[in-house]
There are 2 protein chains.
Amino acid sequence: MTKIKGVITFVLRLVALAATIVSTIVMGTAHDSASVLGIKFEAKFTDSPSFKYYVIIYSIVSFYSLVVLLLPFKKLLWRFTLVLDMMMTLLLTSALAAALAIAYVGKKGNSHAGWLAICDQVPKFCDETSGALAVGFVAAIIYLVLLLYSLHAALSPIFPVSS
Amino acid sequence: MTKIKGVITFVLRLVALAATIVSTIVMGTAHDSASVLGIKFEAKFTDSPSFKYYVIIYSIVSFYSLVVLLLPFKKLLWRFTLVLDMMMTLLLTSALAAALAIAYVGKKGNSHAGWLAICDQVPKFCDETSGALAVGFVAAIIYLVLLLYSLHAALSPIFPVSS
């Protein structure tokens, strides 16, 4: 029983690692260029503080995911891992929410504020960032599942605690 | 010792309740109007999906904070409360991050996307939303502290578990 749990956790952490790395790379390399009235402009993640924050946070969580997977003595540190998992889930949530808010304005614009949608000008950039956010969403959900799973294992008086 | 912990938790929950209610009301009632080229327009939270999400989430967490404070048998439900506290902290984080991302564009604009800052036109709206976000940030921090505190109490083998 404990072994099956360990395998499930390992697989989830592996998928979370893959998802955060893919999301970071896709967001970090997303770009497109367009010419408006003869002026060429390029869209990339550094154009928005929210997208920059996203790339930084997803890089940090990628690194953390790798370290936890490789850590040989994680059974001893399960309390510490649980708290760090929670902090990582919060960071992922904040980065995802901020980037989604900006991506939504990019796609739909905001007529009240006079902000125009830019996806018609830079469709490739929009598609790539949307893809990155979709994969990033999967990563955040997996982290939430891992967290609830660890909490359940830690708090349940029936099952023995295992990380 | 347990009594002091109980008092601290109660006070933190009371401050969190006050902060979420104040933040919801200030964000929900923030408004300002301006005339540009003879066209009058009004700014309010419903102009942005992120601000609407913020008001909805902070209303939900206000209601939850009140219920938990009034719940007479919360010591029996501490596992459930811990998981719900975590979900509420995640919801607060997502709402805060999304609203901050939009508020930042409102304040600074984004020259790459051609989005102009609107705070010069509707300074009162900007000040009020900034105030709401500052108080909302305090609420999120208190929830994080409550969560870490509950986790510590639940996971520590030295201290007895108390909610």
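The structure is a predicted model, in which local features need pLDDT of at least 70, side-chain atom pairs count only at pLDDT 80 or more, and totals for chains, interfaces and linings use all residues. Residues are numbered from 1 along each chain as its sequence is written, chains are lettered from A in the order in which they are written, and side-chain values use heavy atoms, without hydrogens and water.

Chain A has four helices and two strands (DSSP runs, H or I of at least four residues for helices and E of at least two for strands, numbered from the N terminus). From the N terminus on, the order is α-β-β-α-α-α. Along the principal axes, the C-alpha atoms of chain A fill a box of roughly 65 × 30 × 20 Å.

Two packed helices are described by the angle and the distance between their axes. For helix 3 (residues 78-108) and helix 4 (residues 123-155) of chain A, the axes come within 9 Å and cross at roughly 155° (lines fitted to C-alpha atoms over the stretch in contact, with angles from 0 to 180 degrees between N-to-C directions). That makes helix 3 of chain A roughly antiparallel to helix 4 of chain A (an angle over 145 degrees).

Turning to the partner chain, 36 residues of chain A are in contact with 36 residues of chain B (heavy atoms within 4.5 Å). Between them, chain A and chain B bury about 3,000 Å², 79% of it on carbon and sulfur atoms (accessible area, 1.4 Å probe, lost on being put together and summed over both).

Key:
Parallel < 35°, antiparallel > 145°, perpendicular 65-115°, else oblique. Buried area = accessible area lost by both parts, 1.4 Å probe.
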